[in-house]
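Me: I have a structure to go through with you. Can you walk me around it, starting with the sheet?
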Amino acid sequence: MIEVTRNNCSDIIHSMAKVVVFANQKGGVGKTTTTVNIGAYMAEAGKKVLLVDFDPQGNLSSSLGIRDTDNSVYEVLLGQISVKKAVQQTPQKGMDILPSNLNLSGATVELGKVDKKDSLQFLKKALSPIRDSYDYILIDCPPSLGVLTINGFVAADTVLIPLQCEYFALEGLKYMYSMTIKRIQKSVNPALKIGGIIFTMYDSRTNLGKEVIKSVSDSFRQHPEMVFSTVIPRNIRLSEAPSHGVPINLYDRNCIGAKCYEKLTGEVIKRV
Ligand SMILES: Nc1ncnc2c1ncn2[C@@H]1O[C@H](COP(=O)(O)OP(=O)(O)OP(=O)(O)O)[C@@H](O)[C@H]1O
Ligand SMILES: [Mg+2]
């Protein structure tokens, strides 16, 4: 008879990945840059990470050197391939990716053919066969609050919100919270947590960045944990890394952008 002790029990039971979605309906605020670099530093810390490119633009995929693949999340959606077949390795050891391609923009049509509730559950269901193979699954969303981003909210345990330090930041945030996240929490995913706001592209030479951080932080005075203390600066090396097909740690790990993403990842691991 096999004696089940505490130790061999924990060997048998794999914990499910924590699923984190990076979302903001505003374009170009650093969602993709934040997803790939947090993923890379999680993997460096020994975590097994899956990135999910859920944006038809495919920026997350191309930032890791994957372009025009026929084995993407869209083919998974059509039922043409299994999710395991679509997952690819990345240049970062311990970090895989479920890539996207432009066809995903047609997903709105495909998803429109199924029942409304099913259309919102597609990504959650697609990830379920591989959820226990990873410690973290990080989902990068398109700049909209359409069916793809909502699939991200339904699949996730936690939403993280990259926020560019610029004038309309707070208005967009309020809209996303009241019009989307709150509704998702009330209906399809009551367990969805807001993990916090990540300030990106901070420019220390202007007053605007400081003012935006202050006004957003002030509006969360009652919940200071809603704002990550590591602020990501504007750093040219961060914008160069994608064209080399690697995350920042493999491009220039000593630049200020790399140091900040490494520190931010430590905060995210503690909090998510
Ligand atoms: N901290 C930074 N410093 C300098 N450039 C940055 C920084 N973060 C992102 N960028 C650059 O800004 C552009 C937009 O960033 P990114 O693609 O990550 O935003 P996004 O929110 O994913 O955009 P989209 O909404 O189109 O998906 C990219 O060219 C990226 O390389
Ligand atoms: Mg993006």
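Reply: This is a predicted model. In it, β3 and β4 pair in the antiparallel sense, over 2 bridges.

Me: Which residue in β4 is the bridge partner of Q88?
Reply: Q88 has I97 as its bridge partner in β4.

Me: What's the order of strands in the whole sheet?
Reply: The sheet is open, has 7 strands and runs β3-β4-β2-β5-β1-β6-β7, with mixed pairing. β3 (88–89) and β7 stand at the edges with a single partner strand each, so one side of each lacks a neighbour in the sheet.

Me: OK, β2 next. How many bridges join β2 to β4, and do they run parallel or antiparallel?
Reply: β2 and β4 (residues 95–98) are joined by 4 bridges and run parallel. One of the pairs puts V49 with M95 of β4.

Me: And what about β2 with β5?
Reply: That pairing is parallel too, with 5 bridges between β2 and β5 (residues 136–140). L51 stands opposite L138 there.

Me: How many residues of β2 are buried?
Reply: In β2 (residues 49–53), 5 of 5 residues are buried.

Me: Which of those sit on which face?
Reply: V49, L51 and D53 are on one side, while L50 and V52 are on the other. Both faces of β2 are covered.

Me: Which residues in α13 are buried?
Reply: G257, A258, C260, Y261, L264, T265 and V268 are buried in α13. They cover an arc of only 155 degrees around the axis, which means they are on the same side of α13.

Me: What covers them?
Reply: The cover over the buried residues of α13 includes α2 (31–44), β7 (193–200), α11 (236–240) and α12 (248–251).

Me: Now the ligand. How many residues surround ligand 1, and which are the closest?
Reply: Ligand 1 is surrounded by 20 residues, and the closest are K31, T32, T33, P143 and S239.

Me: Which element gives the largest share of that shell?
Reply: α2 does, with 3 residues. α2 and α11 each supply at least two residues of the shell around ligand 1, and both helices are also among the elements covering the buried residues of α13.

Me: How does the shell divide into nonpolar, polar and charged?
Reply: The shell around ligand 1 has 6 nonpolar, 11 polar and 3 charged residues.

Me: How far is R183 from K270?
Reply: R183 and K270 are 27 Å apart in space, C-alpha to C-alpha, and 87 residues apart in sequence.

Conventions. Residues numbered from 1 in each chain as written. Chains lettered and ligands numbered in written order. Predicted model: local features only at pLDDT ≥ 70, side-chain atom pairs only at ≥ 80, totals over all residues. Buried ≥ 20, exposed ≤ 12 C-beta atoms within 10 Å, placed from the backbone. Arc of directions from axis to C-beta. Contact = placed C-beta atoms within 7 Å. Near = placed C-beta within 6 Å. Nonpolar A, V, L, I, M, F, W, Y, C, P; charged D, E, K, R; others polar. Pairing = 2+ DSSP bridges.
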